[in-house]
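Thanks, everyone, for making the time this morning.

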Amino acid sequence: MKRRNFVKKTVLASMATIIGADIVFGSKMLKGYQPIVLQDQDPFKMFNKDRGMEVLNDKPWNIEAKAHLLDDKITPNKYMFIRNNGLIPKDIDVKNWTLTIDGESVKQKKTYSLADLKSKFSEYTYQLTLECGGNGRSEFDPPAKGNQWTVGAVSCAEWTGIRLRDVLEDAGIKNNAVYIGYHAADTHLSGDQKKEPISRGAPMVKALQDETLLAFKMNGEDIPLAHGYPLRLVAGGWPASVSGKWVNRISVRNKVHDGTKMTGTAYRVPCEPVAPGEKVKDEDMCIIESMPVKSLITYPKSGAMINQGKQLKIRGHAWAGELEVTKMEYSIDFGATWKECPVEKPANRLAWQHFSATIDFPEKGYYEVWARATDSNGTSQPMLLPGWNPKGYLNNACHRIAVKVK
Ligand SMILES: Nc1nc2c(c(=O)[nH]1)N[C@H]1C(S)=C(S)[C@@H](COP(=O)(O)O)O[C@H]1N2
Ligand SMILES: [Mo]
């Protein structure tokens, strides 16, 4: 047999790194053979995630954080949730990666290489809150189908890239432009190459905002593969489904984008409130835009124990879609009374904000600490569940942790 039919030395070396030991008879392995240990995929290793993360689905991969894992001011990759609708693209060829701007409302269709994008346009860095529209879905009753996210489908990383606006202006947008829609390199679960797993977008006002980026870096490094390497749209404050990963085409549309998961009930809620379990017609469902005000206590972990007479310091983050959080409160009596606590200004627009409080407990026993944010329009989080909707979106109920004083 000829040498080239065996696994290459470089491949063997990288396998050895993943396995953590040399493959003694590796030179005898045929090309393409996958050692058994690598066949059963360990998502935590594969995606560099912390083992405290929760895998909700493996086909496609959907992984969420826990509240206490989101304690960092800027979310590191290891604690960032993964939400995939299809299969992560394989064999990405960065050198030949292109982004095409097309659609009814582009003056001229134009294709850029990654190098073009990086050299032609100015670079910007923003911390941007990305929350899945379905975060908190697990609490709805009657339940909604889909990933049963608890509280951990939210992140605020630091994204670096170029402004989508600059690229669209370079290509030229017609006056009748209404919406942008993204197209990406991930593939449909069915394997059908013609079907897109997801192709969403945003109205021009959102597309043209300063903070709407075509990003190529996350937290100062190449974007991890699962989060959209080598190019990703990032539109903070809106359902994270707008932030297309592995983007290779953006269409400037003369109507509301009608790509996969833009129509029907996907990422939509009833335009008017409905009773739990009520059937809602497609035409009575409205597209989710800015996400509602919300907060998370990230320290301590629920179940904390403290000694009587000791104060408890809590901290966390709060965010409000396009708006700013202007007030933060906590309650230790199940929402009967509230105390205000400090909340910092955001690092930039659309970044989550940090809050902290020092709490005194009157006596021994079981308590819950509830946190409630209010946005610049004066809207506060609901104490328990907000309006039921068929797909279980937008649960922004107050986050709660258990505390025992002994
Ligand atoms: N190409 C592509 N982009 C995508 C998705 C996807 O499945 N494919 N999922 C969307 C959804 S629903 C969410 S919530 C976010 C999740 O981003 P993350 O996995 O980087 O946390 O990516 C969005 N962008
Ligand atoms: Mo999502």
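I will call a residue near a molecule or strand if one of its heavy atoms lies within 4 Å of that molecule or strand. With that cut-off, 19 residues surround ligand 1, and the closest are Phe-81, Asp-186, His-227, Arg-232 and Lys-245.

Before going further, please keep in mind that this is a predicted model, in which local features need pLDDT of at least 70 and side-chain atom pairs count only at pLDDT 80 or more, while totals for chains, interfaces and linings use all residues. Residues are numbered from 1 along each chain as its sequence is written, chains are lettered from A and ligands numbered from 1 in the order in which they are written, and side-chain values use heavy atoms, with hydrogens and water left out.

For polar contacts I take pairs of N or O atoms within 3.5 Å; within protein, one atom must be able to donate a hydrogen and the other to accept it, and residues adjacent in sequence count only if both atoms are side-chain atoms. An oxygen atom of ligand 1 is 2.7 Å from a polar backbone atom of Phe-81, and an oxygen atom of the ligand is also 2.7 Å from a polar backbone atom of Asn-85. A nitrogen atom of ligand 1, in turn, lies 3.0 Å from a backbone N or O atom of Ser-243.

On a 1 Å grid over the protein atoms alone, a cavity is a set of points where a 1.4 Å probe fits but cannot get out, a pocket is an open set with protein on both sides within 12 Å along at least five of seven lines, and lining residues have an atom within 4 Å of a point. Grid points are joined across faces, edges and corners, and a volume is the space filled by probe spheres set on the points. By this rule there is one cavity of 30 Å³ or more, and the largest cavity holds about 250 Å³ of space. It is lined by 24 residues, and those closest to its centre are Arg-83, Arg-232, Ala-240, Ser-243 and Lys-245.

The largest pocket holds about 1,200 Å³, and among its 30 lining residues Gln-34, Gln-41, Met-46, Phe-47 and Leu-225 lie nearest its centre.

How many disulfides does the structure hold? Taking a disulfide as a pair of cysteine sulfur atoms within 2.5 Å, the structure holds one, which joins Cys-271 to Cys-286 with an S to S distance of 2.1 Å. The torsion about the S-S bond of Cys-271 and Cys-286 is about 105°, so this disulfide is right-handed.

For accessibility, buried means under 20% relative accessible area, exposed over 50%, and partly exposed in between, with a 1.4 Å probe and protein chains only. Cys-271 counts as partly exposed at 36%, and Cys-286 likewise at 34%. Cys-156, by contrast, is buried at 0%, and its sulfur is 16 Å from the closest cysteine sulfur, in Cys-132, which is too far for a bond.

Finally, helices (H or I, at least four residues) and strands (E, at least two) are DSSP runs, numbered from the N terminus. Six of the eight residues of helix 5 (residues 164-171) are buried, so this helix is largely enclosed by the rest of the structure. Helix 5 is followed by Gly-172, whose phi is positive, near 95°.
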